[in-house]
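Please consult the sequence and the structure shown below.

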Amino acid sequence: MADHWSFVLAAYGLALIVLAAYWRFLVRRERELSEGHQVLREGSGVSEQARRPSP
Amino acid sequence: MSSLLGGVTLAGLVAGLVLGFGIAPREATQGNVQRIMYLHVPSVWVAYLAFAVVLVASIVYLVRRAESADRLAHASAEVGVLFTGLTIATGSIWGKPTWGTWWTWDARLTTVSILFVMYLGYLLLRGMIEDRERGARFAAVLGIVAAFNIPLVHFSVYWWRTLHQPPSLMKPGPGTMPGVIVTALLVNFAAFTLLYAYFVTRRARVLRLEAEAEA
């Protein structure tokens, strides 16, 4: 039987694209959310300081 | 922790590719197209594993109402759908040169498609219900019901006359495959299991961050 390398390449290529895209989605989403958290935390830190009475 | 798991997963995937393409021999009947097996079979294994985790996590959620169990079920279902999709696509690509068709309504292919649609519905259900607690409860029930399809998929090749071959590895009794092919397959099983753990860990973390951002 013929080897059909193009089919092998298509299967592995497709898997590579799908898995890499999902990994990229997870990494980007996590970074966005982590940065958002940091901004929120820093923001609340600023308002805490602003609320503190000056000596 | 996540980067360590990612590194080990990547090393496992590379080892799987080296074994599948460099060490395992060309199959006598099908030729090199049989090497799709090292991708197709571990993908369906991950799908089974993912949906079994959804089942257990859904039961835990319904009993204890632990949000971490709900996040695990959600993350695992998403990764399971991804790998079921890959199983169907790679099976179709493998089917064309060996069976002469991209698709046939054979028992195995039909049951795995139903599995895919059921868990796709599970994810859609989660997205449709705004009340988080209610959505988690409904999804947990669906996660338990849909899991009954897993044995149906696995045993379909025994229960009905199908074009799809019966399992070569996940079956009772002595194996019929040469040791080197079994080794290559087992390494890919391990690598894909690590990939599953890596994806689920990261997805569950994203879900936690999303919940915290909404609160």
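A residue is buried if 20 or more other C-beta atoms lie within 10 Å of its own, with C-beta atoms placed from the backbone. The model is predicted: local features need pLDDT of at least 70, side-chain atom pairs count only at pLDDT 80 or more, and totals for chains, interfaces and linings use all residues. Residues are numbered from 1 along each chain as its sequence is written, while chains are lettered from A and ligands numbered from 1 in the order in which they are written.

**Helix 4 of chain B**
- Buried residues in helix 4 of chain B include Leu109(B), Val112(B), Leu115(B), Phe116(B) and Arg126(B).
- The buried residues of this helix pack against helix 2, helix 3, helix 5 (132-146) and helix 6 (149-159) of chain B.

**Helices 2 and 3 of chain B**
- Helix 2 (residues 37-64) and helix 3 of chain B pack at an angle of about 155°, their axes being 7 Å apart; axes are lines fitted to C-alpha atoms over the stretch in contact, and angles run from 0 to 180 degrees between N-to-C directions.
- Helix 2 and helix 3 of chain B are therefore roughly antiparallel, a term for angles over 145 degrees.

**Interface of chains A and B**
- In chain B, 25 residues are in contact with 21 residues of chain A, contact meaning backbone-placed C-beta atoms within 7 Å.
- Helix 7 of chain B gives the most to the side of chain B that touches chain A, with nine residues.

Terms used: Contact = placed C-beta atoms within 7 Å. Helix = DSSP H or I, 4+ residues; strand = E, 2+ residues; numbered from the N terminus. Parallel < 35°, antiparallel > 145°, perpendicular 65-115°, else oblique. Buried ≥ 20, exposed ≤ 12 C-beta atoms within 10 Å, placed from the backbone.
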